[in-house]
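Hello,

Here is the structure I promised to pass on. Have a look at it first, and then read on for what turned up.

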Amino acid sequence: MKRPITGVSAAERIRASARELFYSNGIRGVGVEEIVQNAGVTKPSLYRAYESKDGLAAVYLDEFYRTCRTRFEDAEAAYPDDPRGQILAYFDGLAERASRPAYRGCGLTNAILEFPDHDHPVRREAARLKQAMADWIASRVALLGARDPESLTAGLVLLMEGVFVAGQAFTPPGPAAHAGMVTRLLLGDV
């Protein structure tokens with residue numbers, strides 16, 4: 001068992017442990033025992049703070065989405081009143097992240113793939129948050145005045161999801177490194 005970090009609550013250590021392990025190994029690939037050992041706490045601490053592994057997984061997914069949301073907000077702040085610039089900034093950043101050797105894709109996409117049962121609470125939460133990501137892209141495209149905003153949004157969402165997978169499937173930098181250029185091609189005639 002790891003030595004606890006002083007000044008950090010058991011719940012925070014559990015959450016940090018789960019975030020690291022779930023992203024690296026998948027939600028289903030990590031057991032409660034591994035989480036608590038890595039966090040330096042006991043199983044009852046996990047169940048007091050999160051009630052279940054699924055509850056902890058929902059917290060992980062929400063934190064993962066908040067990181068994504070921050071990237072959207074950063075793109076908006078960098079290019080105020082420029083939805084094209086915002087889209088490009090997001091995809092350029094994604095290309096850079098997805099080209100790193102330790103890249104494991106999108107935690108939300110990975111959770112959806114891990115839980116094929118559409119009624120599973122982890123899958124439902126991941127899908128809800130994934131839709132919020134697609135909605136952000138749609139909101140930016142709506143501001144562009146594109147001839148076919150529905151198809152452009154679909155193309156950008158497909159590109160995003162493809163980068164999440166290609167970043168894991170190919171030796172870095174791989175095709176994911178070209179996400180910014182492909183985005184520019186998709187936006188070319190907008």
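The chain has nine helices and zero strands; from the N terminus on, its elements run α-α-α-α-α-α-α-α-α. Helices (H or I, at least four residues) and strands (E, at least two) are DSSP runs, numbered from the N terminus. Taken along the principal axes, the C-alpha atoms fill a box of roughly 55 × 35 × 30 Å.

A word on the source: this is a predicted model, in which local features need pLDDT of at least 70 and side-chain atom pairs count only at pLDDT 80 or more, while totals for chains, interfaces and linings use all residues. Residues are numbered from 1 along each chain as its sequence is written, and side-chain values use heavy atoms, with hydrogens and water left out.

Helix packing

Let me start with helix 4 (residues 53-78) and helix 5 (residues 83-98), which pack at an angle of about 130° with their axes 8 Å apart. Axes here are lines fitted to C-alpha atoms, for helices over the stretch in contact, and angles run from 0 to 180 degrees between N-to-C directions. Helix 4 and helix 5 are therefore oblique to each other; angles under 35 degrees count as roughly parallel, over 145 as roughly antiparallel, 65 to 115 as roughly perpendicular and the rest as oblique. On the helix 4 side the contact (heavy atoms within 4.5 Å) is made by Arg71, Phe72, Ala75 and Glu76, and on the helix 5 side by Gln86, Ala89, Tyr90 and Arg97. By class, this contact of helix 4 with helix 5 has four nonpolar, one polar and three charged residues. In that scheme Ala, Val, Leu, Ile, Met, Phe, Trp, Tyr, Cys and Pro count as nonpolar, Asp, Glu, Lys and Arg as charged, and the others, Gly among them, as polar.

Helix 4 also packs with helix 6 (residues 107-114), at an angle of about 145° and with the axes 9 Å apart. Here Tyr60, Leu61, Phe64 and Tyr65 of helix 4 meet Gly107, Leu108 and Ala111 of helix 6. The class count for this contact is six nonpolar, one polar and no charged residues.

Then there are helix 2 (residues 32-39) and helix 3 (residues 43-50), packed at an angle of about 100° with axes 9 Å apart. That makes helix 2 roughly perpendicular to helix 3. Val32, Glu33, Ile35 and Val36 of helix 2 make the contact with Lys43, Leu46 and Tyr47 of helix 3, giving five nonpolar, no polar and two charged residues.

Pocket and cavity

The largest pocket has a volume of about 350 Å³. On a 1 Å grid over the protein atoms alone, a cavity is a set of points where a 1.4 Å probe fits but cannot get out, and a pocket is an open set with protein on both sides within 12 Å along at least five of seven lines; lining residues have an atom within 4 Å of a point. Grid points are joined across faces, edges and corners, and a volume is the space filled by probe spheres set on the points.

Of the 18 residues lining the largest pocket, Tyr23, Phe64, Thr67, Arg71 and Gly105 are the closest to its centre. Helix 4 gives the most to this lining, with six residues, and the lining divides into eleven nonpolar, two polar and five charged residues.

The structure holds one cavity of 30 Å³ or more. Among the residues that line the largest cavity are Phe22, Tyr23, Tyr60, Arg104 and Glu114. Helix 6 supplies the largest share of that lining, four residues, and by class the lining has five nonpolar, three polar and two charged residues.

Backbone points

Most residues other than glycine have a negative phi, and most peptide bonds are trans. Glu51, in the loop between helix 3 and helix 4, has a positive phi of about 70° although it is not a glycine. A cis peptide bond joins Pro172 and Pro173, with omega about 5°; Pro173 sits in the loop between helix 8 (149-169) and helix 9 (179-187).

Best wishes
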